[in-house]
Amino acid sequence: MALTIVVLSPGGAGNSPGGAGKEGELSLTLDAPRIILGRAEGCEVRLPDTSVSPRHASIRQRGATYLLLDEGSENGTFLGKTRIAPRTAMPLRTGDRIRVGRVWLALRIEPAVPKAFPAAAAKELALELVARGLAAQGEDPTPRVVVVDGPDRGRTLHVEAPGRPYFVGRAQDADLTLDDPDVSRRHVAITRRGDQFSVQDLGSRSGASLDGVPLPQFDTIWRPGQVLAISADRLVFEHPAAEALAEIERSPCEPLPADAAVEPASAEEPPASSSTSSSAPSSTPASTPTPSPASASTLSPLARRAAAAPRVAQGGGWGFTEALIALLALGVLALSIAGLMWLLGRG
C-alpha cells in the first residue's frame, strides 16, 4: 500500500505536481520505509513554511502499517489536534490528518503508483506551494526570461511548462521574438526543468554566449546570475518561487505560541473518499476513519500502547471516564443480581 500525502494548507485549486492525487489537490504519493517531512532540501515531503523544522517529523513503514514520529521539532507534530510526544510512534490510518508547524496534511493509505523520481516531485510540490503564496500576495511567480539590455530591452518570455523548449529568434512564431537583424529566425532554445534552466544554440549564424563563453549546440545549464548574449541583446532568467524557496529554507524556525489555533483548509470536506479506501465504509464519519488492515505484531510495544489509547482529536471510542462509568454500572448490576438470588434462596 502506498501513502498519499495531501497538503491541506495553504489550500487552493491547481494540478498535483506529485501526481497520483485527485485533480485539484497538491499531493505526493510515496512508498518508502521512511518518509521525512520537513523544510530542508532532501526531505521526501518539503514544506516551505518557517514554522516547519528542517527535519520535522517522519513516517515509518512497518509492514502494512505506517507510524508517525516527531523528530524533535520546534513546534511539534500533531495527530488531529493532539500533540504527539517526541520519538513516540503513533499508528496512522487512512483519512488521518496531521499537522507540522502550521501546515495540515491529510493521509490516504491506498493502492497507488508512486512517482519514479520522488526528489524531483518533492521539489515541484515545494515550488508550487511557494508560487501560490506569492500569487496570494499579488506577485507574479511565473518563471521567466527577461531582456535586460539591448534593442529588445523589456521583452519577457514566461517559461511556464517544464520540459518544453521555448524558441527565441527573429521569426514571428518564436516564443520570444527579437527584432535585431543579426538574430537568426530560431536562434536558441530555452528549457526549464524544475528550478533549473538550460539553453542551446540552434546553429545560429552569429552564435550566442553565456557570460562570454560561446554557447554550444547542445543543452547547457544556465545558472542563476549568468547573462545570455544574443547579438546585441542581454537576457537573464528569473524564478521567483525558487528564490523564495531558497530564502525560506535558510530562515530560522519560527516558534508558534503554545495556544496557537491552526485550522486546516477545507476542514469541512473529508480528505479521502470511500471510493479510494475499501476499509472505510460509507457509514463511518469523516472524523473517525476506519484504520487500514494491519497486524498488531508489526507494531512496537510502544506503538501498540499508543494504538490502544483514545484519540481525543478524532472522537469515537471510549475514554477513561466512560470506561469507569461502565465498570461501576456492571458492579451495581452484579450486586443487584446477588441480592435477588439471596432473597429467592430465603424464600
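Arg62 sits opposite Thr65 of strand S6. The two strands involved in this stretch of the predicted model are S5 (residues 57–62) and S6 (residues 65–70), which run antiparallel to one another and pair over 6 bridges. Pairing here takes at least two DSSP bridges between two strands, and strands are DSSP runs of E with at least two residues, numbered from the N terminus. As this is a predicted model, local features need pLDDT of at least 70 and side-chain atom pairs pLDDT 80 or more, while totals for chains, interfaces and linings use all residues. Numbering starts from 1 along each chain as its sequence is written, and side-chain values rest on heavy atoms, with hydrogens and water left out.

Zooming out, S5 and S6 belong to an open sheet of 5 strands, ordered S4-S3-S5-S6-S9, with mixed pairing.

Next comes Asp152, placed in the loop between strand S12 (144–149) and strand S13 (156–158). Asp152 counts as buried because its relative accessibility is 2%, the cut-off being under 20% relative accessible area (1.4 Å probe, protein chains only). A polar atom of the Asp152 side chain lies 3.1 Å from the backbone nitrogen of Asp179. Leaving out residues up to four places away in sequence, Asp152 touches Val147, Leu178, Asp179, Asp180 and Asp233, where touching means heavy atoms within 4.5 Å.

Pro214, in strand S19 (residues 213–214), is exposed at 65% relative accessibility, the limit being over 50%. Beyond its neighbours within four places in sequence, Pro214 contacts Ala208 and Ser209.

Technical notes
Helix = DSSP H or I, 4+ residues; strand = E, 2+ residues; numbered from the N terminus. Polar contact = N/O pair within 3.5 Å; in protein donor to acceptor, adjacent residues only side chain to side chain.
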